[in-house]
Amino acid sequence: MRNKRNQVIAIARFLAYKADLKIKMENMTEDEYLNNPIGLDVGQYIDDMLKNCPEDTVDSVIKNQDEMISRLGMEYLVVVAFMPYVAGGEGFAG
């Protein structure tokens with residue numbers, strides 16, 4: 001069984017990254033993006049979620065990311081995203 005705290009943190013980090021990426025990309029022209037591509041490290045965040053969450057949870061987060069970002073808000077996501085992972089243990093500590 002995976003640590004629930006780490007699951008929440010991994011999801012929050014992915015969602016905060018995607019929300020920030022969306023804002024940056026909205027303000028970029030195609031030429032700016034081609035000269036300085038951003039978002040190429042999204043796989044790192046997905047891998048992090050896969051290490052901490054069941055695959056069906058990851059699929060659900062990816063599918064519903066825009067709604068989740070809107071519902072949770074950036075302030076909450078950033079606070080949780082900066083929490084440290086817990087090594088070992090079960091349950092939600094916090």
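Asn3 is buried, with a relative accessible area of 8%; buried here means under 20% relative accessible area, exposed means over 50%, and partly exposed lies in between, with a 1.4 Å probe and protein chains only. The structure is a predicted model, in which local features need pLDDT of at least 70 and side-chain atom pairs count only at pLDDT 80 or more, while totals for chains, interfaces and linings use all residues. Residues are numbered from 1 along each chain as its sequence is written, and side-chain values use heavy atoms, with hydrogens and water left out.

Asn3 belongs to the segment that precedes α1. Helices are DSSP runs of H or I with at least four residues, strands are runs of E with at least two, and both are numbered from the N terminus. At the start of α1, a side-chain oxygen of Asn3 comes to within 2.9 Å of the backbone nitrogen of Arg5. Such a pair is a polar contact, defined as N or O atoms within 3.5 Å; within protein, one atom must be able to donate a hydrogen and the other to accept it, and residues adjacent in sequence count only if both atoms are side-chain atoms.

The protein as a whole has six helices and zero strands, so that its elements read α-α-α-α-α-α from the N terminus on. Along the principal axes, the C-alpha atoms fill a box of roughly 45 × 25 × 25 Å. Of the 94 residues, 30% count as buried. Contact means heavy atoms within 4.5 Å. Among contacts with a separation of 6 or more, residues 24 or more positions apart account for 82%.

Helix α1 covers residues 4-26, which gives it 23 residues. From its first C-alpha to its last, α1 reaches 33 Å, close to the 33 Å expected at 1.5 Å a residue; the expected span is 1.5 Å times one less than the number of residues.

Met25 is placed in helix α1 and, at 38% relative accessibility, counts as partly exposed. Residues up to four places away in sequence aside, Met25 touches Tyr33 and Ile38. Met25 and Ile38 are 13 residues apart in sequence, and their C-alpha atoms are 8.0 Å apart in space.

Asn27 lies in the loop between α1 and α2, the latter formed by residues 30-35. With a relative accessibility of 62%, Asn27 counts as exposed. A polar atom of the Asn27 side chain lies 3.1 Å from the backbone oxygen of Ile23. Between the C-alpha atoms of Asn27 and Val78 there are 21 Å in space and 51 residues in sequence.

The loop between α2 and α3 holds Pro37, which counts as partly exposed at 37% relative accessibility. The C-alpha atoms of Pro37 and Tyr17 are separated by 15 Å, and the two residues are 20 residues apart along the chain.

The next topic is the packing of α3 and α4. The axes of helix α3 (residues 42-52) and helix α4 (residues 55-63) come within 8 Å and cross at roughly 140°; axes are lines fitted to C-alpha atoms, for helices over the stretch in contact, and angles run from 0 to 180 degrees between N-to-C directions. The crossing is right-handed: a crossing is left-handed if the near helix is turned anticlockwise from the far one by less than a right angle, and right-handed if clockwise. On the α3 side, the contact involves Ile46, Met49 and Leu50, which meet Glu55, Val58, Val61 and Ile62 in α4. These contact residues divide into six nonpolar, no polar and one charged, where Ala, Val, Leu, Ile, Met, Phe, Trp, Tyr, Cys and Pro count as nonpolar, Asp, Glu, Lys and Arg as charged, and the others, Gly among them, as polar.

Val80 lies in helix α6, residues 74-81, and is buried, with a relative accessible area of 5%. Apart from neighbours within four places in sequence, Val80 is in contact with Val8, Ile9 and Ala12. Val80 and Ala10 are 70 residues apart in sequence, yet 9.0 Å apart in space, C-alpha to C-alpha.
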